[in-house]
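The sequence and the structure are shown first, and the description comes after them.

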Amino acid sequence: MYDLPRRFTYGVIESYAAARGGEPVADDALLKYPGNQHSAEWYLFSDLNRPSGERVDSAVTRVMDPEEADLFYVPFFSSLSLVANPVRSAAANATAAPDKTLYSDEHTQEALMDWLEERIYWKRNNGWDHVFICQDPNALYKVIERVKNGVLLVSDFGRLARNQASLVKDVILPYSHRINTFKGDAGLENRNSVLFFMGNRYRKEGGKIRDLLFQLLENEEGVIIKHGAQSRESRRAATQGMHTSKFCLHPAGDTPSACRLFDAIVSLCVPVIVSDYIELPFEDVIDYRKIAIFVDSTTATKPGHLAKLLRKVRPERILKFQKELLKVKRYFEYEDPNGTVKEIWRQTRSELGVECHFTWEELLVIEIRYSFILDKDLVVVLHLVM
């Protein structure tokens, strides 16, 4: 892991806090990363800074001699940087006090790359063995062309071009869940609602389907579907709703993925994924067909179809879904020592098997072949043969 200049790690937290009236602190240990759905960058950074004795059975080991490294992790807090300044516009700096220039995510991204591109280990192969986390769909947007050779840790490929990201070389991460984990066992006793959803009704791009689903479902018996923005009160209501419903709706947001899917998983609320195409985390170890119901957007928006489909699911099958959710829940818990962070590093290490001496055109051909392979063992063979 690079020991980056402070401005790219703790400095981002400090700038975020200062923009919201926070006071400077004398010790970086007192800085608190603000909890949000893109917290993976903090968990990975914290994990690699732990003593090696505490990182038992991790797929990666931090080395202090770069000559011993197989991968180079760049721990820039790119998602937090994106929102550090609540007013993200050029005009904001023009109206700022003369002695205070507002934080600029774009300038910080470019400064990072200017610094990185001077490092000998970057120059060695133009960043092929470097790892970047850009979990927010807009993170690193200004420099994405400069980092695309590396391994990207992303939530989905919704806003990335095919020559920037690939299932062959990159890793899909789960969002941090935003509601409390359900502590009980599988069971339907207190799950009286058929389907629950709470979130923004109106979204851009692929999220337009949400409004259609609201129109179709808001008057269905046993269905709770509410418009709600992020807030403490909304999270409490969402926790209650997900913990007392059999199914939880997961339509697209501004991009195909959203934290609501992972909220549902840790709630043992069977996800109903309405999507025509979605990349999901850790698909080589999780069979999502065992824990979720998939419905294409055309079928989901047929009047009366979705509610009728879910009412027909027998209790025994719902219990089976819940038991499978219990088995995989740890993969979506960032604070579990045997959970998300450990699996991200395993997935990242596996990218070493794809030695990227291909052109982007060749990688696209590999990805097309990869997408048609159903047998997970054949996927491993593909990595080795290619």
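**Overall composition**

The model is a predicted one. Its chain holds 16 helices and 9 strands. Of its 386 residues, 51% count as buried. Among the contacts between residues at least 6 apart in sequence, 69% join residues at least 24 apart.

**The nonpolar cores**

The largest nonpolar core comprises 97 residues. Within this core, L153, F247 and L249 have the most contacts. When residues up to four places away in sequence are not counted, L249 touches L195, F196, F197, L213, L217, I225, R260, V272, V274 and L306. Another core, of 8 residues, lies apart from the largest one, and I179, A238, M242 and C248 are among its members.

**Helix α13**

Helix α13 spans residues 315–328 and has 14 residues. From its first C-alpha to its last, α13 reaches 20 Å, close to the 20 Å expected at 1.5 Å a residue. Which residues of α13 are buried? They are I318, F321, Q322, E324, L325 and V328. These residues cover an arc of only 160 degrees around the axis, and therefore they lie on the same side of α13. On the other side of the helix, K320, K323 and K327 are exposed. The elements that cover the buried residues of α13 include the strands β7 (245–251), β8 (270–274) and β9 (293–295), together with helix α10 (260–266).

**Aromatic pairs**

A pair of aromatic rings is described by the distance of the centres and the angle of the planes. A search of the whole structure finds 18 aromatic pairs. Two of them are described here.

In the pair of Y2 and W115, the ring centres are 5.8 Å apart and the planes stand at 75 degrees, so the arrangement is edge-to-face. This pair links distant parts of the chain, 113 residues apart: Y2 belongs to the segment before α1 (10–18), whereas W115 belongs to helix α5 (residues 105–116). Y2 counts as buried because its relative accessibility is 11%. W115, with a relative accessible area of 21%, is partly exposed.

The rings of Y10 and W42 have centres 6.5 Å apart and planes at 75 degrees, so this pair is edge-to-face as well. Here, too, distant parts of the chain are linked, with Y10 in helix α1 and W42 in helix α2 (residues 40–48), 32 residues apart. Y10 counts as partly exposed at 21% relative accessibility, and W42 is partly exposed with a relative accessible area of 22%. Ring pairs also link Y10 and W42 with Y33, F45 and F77 into a cluster.

**Charges over rings**

Arginine side chains are found over aromatic rings at two places listed in the table.

| Arginine | Ring | Distance from ring centre |
|---|---|---|
| R191 | F182 | 4.8 Å |
| R330 | Y331 | 4.2 Å |

The charged end of R191 sits over the ring of F182, while R330 lies over the face of Y331.

R311 is located in helix α12 (residues 305–311). Is R311 buried or partly exposed? With a relative accessible area of 41%, R311 is partly exposed. Not counting residues up to four places away in sequence, R311 touches V194, E220 and E221. R311 and G222 are 89 residues apart in sequence, and their C-alpha atoms are 9.4 Å apart in space.

**Two residues with positive phi**

D57 is a residue other than glycine that has a positive phi, near 60 degrees. D57 is placed in the loop between α2 and β1 (72–74). With a relative accessible area of 61%, D57 is exposed.

L140, also a residue other than glycine, has a positive phi near 60 degrees. The loop between β2 (130–133) and α7 (144–147) contains L140. Where D57 is exposed at 61%, L140 counts as buried, because its relative accessibility is 2%.

Notes: Residues numbered from 1 in each chain as written. Predicted model: local features only at pLDDT ≥ 70, side-chain atom pairs only at ≥ 80, totals over all residues. Heavy atoms only, no water. Core = buried A, V, L, I, M, F, W, Y, C linked by side-chain atoms within 4.5 Å. Buried < 20%, exposed > 50% of the residue type's maximum accessible area, 1.4 Å probe, protein only. Contact = heavy atoms within 4.5 Å. Helix = DSSP H or I, 4+ residues; strand = E, 2+ residues; numbered from the N terminus. Expected span 1.5 Å × (residues − 1). Arc of directions from axis to C-beta. Phe/Tyr/Trp six-rings, centres within 6.5 Å; stacked < 30°, edge-to-face > 60°. Lys NZ or Arg CZ within 6 Å of the ring centre and 35° of its normal.
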